[in-house]
Amino acid sequence: MPRFAEFFAGIGLVREAIEPLGWECVFANDIAPTKAEMYTARFGSDHLLVRDIHDLSVSDIPADVDLVTASFPCIDLSLAGNRSGLAGRHSGTIWPFLDLVGGLHHRGALPSALLLENVTGLLSSEGGRDLRAICERIGKLGYLMDVVVLDAKWFAPQSRPRLFVVALRSDLAVGVSSRSGDGDLSVLRPRNVQRFQRANRDLPFIELSLPEPPRGSPLRLAAVLDQVPGDDASWWPDERVDALIDAMAPRHRERVEELSAGVRDGVATMFRRVRAGRTVGEVRADQLAGCLRTPHGGSSVQFLVDCRTGTARIRPLSGREYARLQGAWDFPIDVSDRRAWLGFGDAVCVPAVRWLVAHALGFLCEGERSDPESQLRLLDQSAAYAAVA
Ligand SMILES: C[S@@+](CC[C@H](N)C(=O)[O-])C[C@H]1O[C@@H](n2cnc3c(N)ncnc32)[C@H](O)[C@@H]1O
């Protein structure tokens, strides 16, 4: 069974994604005790080390790790953050991570593959120089790499485009077609990825042979919602709902009217925004949740506008609904909604990571497990995710 180490593990959704594919988790690290509590409730604490990555040393990482993953902090790279890039305190944690991979190299135990995940803003951070610096470093360690974008909305009803760097140790990448920088425009490698690769032709890029990803969630938004009784305290009082709808821009008020008429299953998600000094509600028209985020730093929780009874009702999405939007159907949630929003809002979308690892790295597994299609089929049959689909 191939072994992996999960850095920036959070609540463990990378593990949630790939363990069922036959990968064994032998090490996990994160700095946040609150996330560690959720991680431990799901996976136990055997392999989890709660510590600042700056304070880790190579000797903390078990020998013979085949894959190392890093969904490192995006705060300094996302629009909602301060855009200080990889010089920032949070996203700059990629450097101690890569130092540790370098340490594994010196130990003669360079992992077969690396998987990095972050927001697509990494492509443009510092005019592309930040991503270049990462790829340059990975190349020097002895890897060839591909850069792809996957959107959670292809797998679940949530808009969440994310950038992935998949790196293969050069001795294993034999036979994988080498990229000249002029590849076809594809959904996985949109224009900005191609532009980045063309501008950095000197770096060791490869084009992994990946199939077209699914183009549309198998689940509608209504399928991930809790059945919440009408008298539950989470629903806003009628006066508050009316006041918010009255204050909406006409376009958004019309969307609520459409929902009441039964359009889009009668449900939609909503963010609250401050516009011209007033808090207004903005309702989505695409049957998706917006990108889940952690509810601090000014970015708000996401709300449900539910018009299925003919009258608009509003409540925050629950922690369980956040989990389902990330494809984590069976994840135990013994914490408050606020803590669950923090954990799941910051996490990866399980089926998106599963799809990528099955297709890009399935060959590192043995026997039937090395065939991505049969891996994903096996999972489809067993998961609650498929039962609802
Ligand atoms: C984008 S989240 C990753 C979430 C994770 N993949 C999941 O599925 O829950 C980034 C993680 O990096 C962790 N982190 C931030 N600074 C860190 C540091 N200095 N050392 C270790 N982990 C850190 C945060 O606590 C957070 O859980």
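A disulfide is a pair of cysteine sulfur atoms within 2.5 Å. In this structure, which is a predicted model, local features need pLDDT of at least 70, side-chain atom pairs count only at pLDDT 80 or more, and totals for chains, interfaces and linings use all residues. Residues are numbered from 1 along each chain as its sequence is written, and side-chain values use heavy atoms, with hydrogens and water left out.

**Cysteines**

The whole structure holds zero disulfides. The closest cysteine sulfur to that of Cys74 belongs to Cys291 and lies 8.2 Å away, too far for a bond. Cys365 is likewise in no disulfide, since the sulfur of Cys25, its nearest, is 14 Å away. Cys365 is buried at 6% relative accessibility, whereas Cys74 is partly exposed at 23%. Here buried means under 20% relative accessible area, exposed over 50%, and partly exposed in between (1.4 Å probe, protein chains only).

**Salt bridges**

Side chains of opposite charge can pair when their charged atoms come close. A salt bridge is a side-chain nitrogen of Lys or Arg within 4 Å of a carboxyl oxygen of Asp or Glu. The search finds 22 salt bridges, including those in the table.

| Pair | N to O distance |
|---|---|
| Glu16 and Arg42 | 2.7 Å |
| Arg137 and Asp99 | 2.3 Å |
| Glu117 and Arg162 | 3.6 Å |

Helices (H or I, at least four residues) and strands (E, at least two) are DSSP runs, numbered from the N terminus. Glu117 in strand 5 and Arg162 in strand 7 are 45 residues apart. Glu117 is buried at 10% relative accessible area, and Arg162 is buried at 11%.
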